[in-house]
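The note begins with the core and then turns to a helix, the surface and the charged pairs.

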Amino acid sequence: LSYVEFNPRNLEKNMKFSQAEITQAYTKPEFTNRAEDEFKARKSQFDQKEQVKAQHILIKFKAGDAASEKTALTRIEALRPQAVKGDFGALAEKNSEDPGSKSKKGELGYFSRGQVVPEFDTAAFGLKLGEVSQPIKTQFGYHLIKVMDKKAAVSATFENFKNEVAQILLARDLISQGKVKMEEAFQKGEDKAWLAKLNLNWKDSAPFALSADAIPGISSQKVLDSLSDILADNKPHVMKDGDTQYVVKLKEVKTVMSTDSKDQKTADVDVKQRAQSMFEGWVQNFRETSKVEINPQVLEQ
């Protein structure tokens, strides 16, 4: 089988629209009004919080071990004069025990309030640009912190983020066109355009026997139960299983002859049983969903 698998909830952030498409969307007053409302609802996400860019040197100690803690404090205190007057980055690269930042000369990048442990947070945001802290104790050990840069908080405006909002709404609109529109697009051979918009690609399952209890690569019982319909034609079938959406189509059918007559007989029985099971399921569904009406005029004749 060939298939596409995706979670509609995760598509918004993956889809990309051109500037021309965004500009065209904003020619419609209704879309602009929706975008302004969306921005208001999401404004806190777009607001830039106060940020600090910092380096640090970490010397670890064993929790609850007074001797280990004292040794770590002595080491960090000895490093501070060098950190103040010398090359903080080179000192961090040589002495820091933080594996994540050691190779980056102690650099942690930018972070907002609340993104690091409280003691580190308070110290970093309380320092002036270029200032080195006193030894700061946290659950990780003792730190020396140097502030490299600061960014003030900035309140977002719609004009600055209108493109980002448009991306969200255009993605949502495309996704919400639903199963029927998607089936039309795939059946008309317009799947390339859809997949490009959704940032998705066709995948192929590994070959599998009709008697198999699962489809390689597709962990959906609903797709497996719909196999007879999928095999009946070469059209894409759109279906939903839980939060996951599938588009599935037949790619190839092969008849494989076994050299072992016993294996072949077993395979034939399995296929027949599977086919019978599929047929019985279809009949049951037909009985449940069909309605028989009797024409009195026909009976009178």
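**Notes on the predicted model**

1. The largest nonpolar core comprises 28 residues, and those with the most contacts inside it are Tyr26, Phe31, Val165, Met182, Trp194 and Val247; such a core is a set of buried Ala, Val, Leu, Ile, Met, Phe, Trp, Tyr and Cys residues joined through side-chain atoms within 4.5 Å. At least two residues of this core come from each of strand S1 (2-6), H1, H2, H7, helix H8 (178-187) and helix H9 (191-198), and H7 gives the most, with seven residues. Helices (H or I, at least four residues) and strands (E, at least two) are DSSP runs, numbered from the N terminus.

2. The model is predicted: local features need pLDDT of at least 70 and side-chain atom pairs count only at pLDDT 80 or more, whereas totals for chains, interfaces and linings use all residues. Residues are numbered from 1 along each chain as its sequence is written, and side-chain values use heavy atoms, with hydrogens and water left out.

3. Methionine 182 touches Phe6, Trp194, Val238 and Val247, leaving aside residues up to four places away in sequence, where contact means heavy atoms within 4.5 Å. Apart from the core described above lies another, of 13 residues, including Ile76, Leu79, Phe88 and Val132.

4. Helix H2 (residues 29-46) bends by about 50 degrees at lysine 40, the bend being the angle between axes fitted to the seven residues ending there and the seven starting there. Its buried residues are Phe31, Thr32, Ala35, Glu38, Phe39, Arg42 and Phe46, and these pack against helix H1 (19-25) and helix H7 (158-176). Buried means under 20% relative accessible area, exposed over 50%, and partly exposed in between (1.4 Å probe, protein chains only).

5. Taken as a whole, the protein chain has 13 helices and eight strands, and 34% of its 301 residues count as buried. Among contacts between residues at least 6 apart in sequence, 64% join residues at least 24 apart.

6. Ten salt bridges are found in the whole structure, each being a side-chain nitrogen of Lys or Arg within 4 Å of a carboxyl oxygen of Asp or Glu. One of them pairs arginine 34 with aspartate 173 (2.9 Å, N to O), and this pair links helix H2 to helix H7 across 139 residues. Arginine 34 counts as partly exposed at 30% relative accessibility, as does aspartate 173 at 27%.

7. Glutamate 50 forms a salt bridge with arginine 113, their closest N and O atoms being 3.3 Å apart. Because glutamate 50 lies in the loop between H2 and strand S2 (51-59) and arginine 113 in the loop between strand S3 (107-112) and helix H6 (118-126), the pair ties together parts 63 residues apart in sequence.

8. Lysine 137 and glutamate 69 also meet in a salt bridge (2.9 Å, N to O), which links strand S4 (residues 136-138) to helix H3 (residues 66-85), with the two residues 68 apart.
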